[in-house]
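Keep the sequence beside you as you read.

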Amino acid sequence: MENMKKLRFGIFLLVFSLLASSPVFAQTNKKAELKRIDAYSKTIDAFVKKHKSPQLIFADVSDYDADKPEWRRYDSEREFEKARETVESYNTAYVWRKNGRIVMANFTLSSPSGDWAQYVYHYFRADGSAAKVESELRTFHGNLIVVQDFYLDPKGRVLKKTLKYLDLETQKPKKPSKDDLLDNGDNLYRVEYYKKTSKLPFTALLKGKK
């Protein structure tokens, strides 16, 4: 009887492993995870909307062409706006925390010329891994808005990526030319994002701040 139970259990494990490795099972599991990420992102959006002002603001106050960033922390929007009267920053991050953990980090990147701006929104899970990243680039080069979404699993692997181009003025879908997608040799659709809160460039400034 004991041997029969072991045999049945072994068959069950074999069948389960075969099903789990099948493309259909993997696709179903992926769709379920994408739904969970979207649902979780909505809860974070609601949290941010409710609290409105970020709990912390970080700004890179180094020269635009500097080799290394120089991040500073500001504990309120008023403090940050006061600092901007004398210090310029082209890379800022607005941070929201829930239960002591970062759940949202919104980056704004720009340049002294003012001909482009990029917004990169990070949705972080409780374990610090990025669940979703949304990016919107607005540029006068090609008069484009480049919108991208990245869905990530807890290990940082991309589950899904979306990409669309809009006209900067009409905000209607636009098919860009190859020249439109290159600005001084850089790909306009390239997005730099952080897969974990521990990888954020200002983590050292978070110590002791709840």
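1. Asp 75 is partly exposed, at a relative accessible area of 34%. Partly exposed lies between buried (under 20% relative accessible area) and exposed (over 50%), using a 1.4 Å probe and protein chains only. Arg 73 is also partly exposed, at 30%. The side chains of Arg 73 and Asp 75 meet in a salt bridge, 3.2 Å from N to O. A salt bridge here is a side-chain nitrogen of Lys or Arg within 4 Å of a carboxyl oxygen of Asp or Glu.

2. A word on the source. This is a predicted model, in which local features need pLDDT of at least 70 and side-chain atom pairs count only at pLDDT 80 or more, while totals for chains, interfaces and linings use all residues. Residues are numbered from 1 along each chain as its sequence is written, and side-chain values use heavy atoms, with hydrogens and water left out.

3. How many salt bridges does the structure hold? There are 12. One of them joins Glu 70 to Arg 72, with the closest N and O atoms 3.5 Å apart. Glu 70 is partly exposed at 39%, and Arg 72 is partly exposed at 37%.

4. Are Glu 134 and Lys 132 buried or exposed? Both are buried. They form a salt bridge, and their closest N and O atoms are 3.2 Å apart.

5. Glu 33, Arg 36 and Arg 125 deserve a look as a group. Salt bridges link them in a network. Arg 125 turns up again in the lining of the second largest pocket.

6. Now the largest pocket. A pocket is an open set of points on a 1 Å grid over the protein atoms alone, where a 1.4 Å probe fits, with protein on both sides within 12 Å along at least five of seven lines; lining residues have an atom within 4 Å of a point. The largest pocket holds about 950 Å³ of space. Its lining has 33 residues, and Tyr 64, Leu 109, Ser 110, Trp 116 and Arg 190 lie nearest the centre. The lining divides into 14 nonpolar, 9 polar and 10 charged residues.

7. The second largest pocket holds about 160 Å³. Its lining includes Arg 97, Gly 100, Asp 127, Thr 203 and Leu 206. That lining splits into 3 nonpolar, 5 polar and 4 charged residues. Gly counts as polar in this scheme.

Methods. Points joined across faces, edges and corners; volume = space filled by probe spheres on them.
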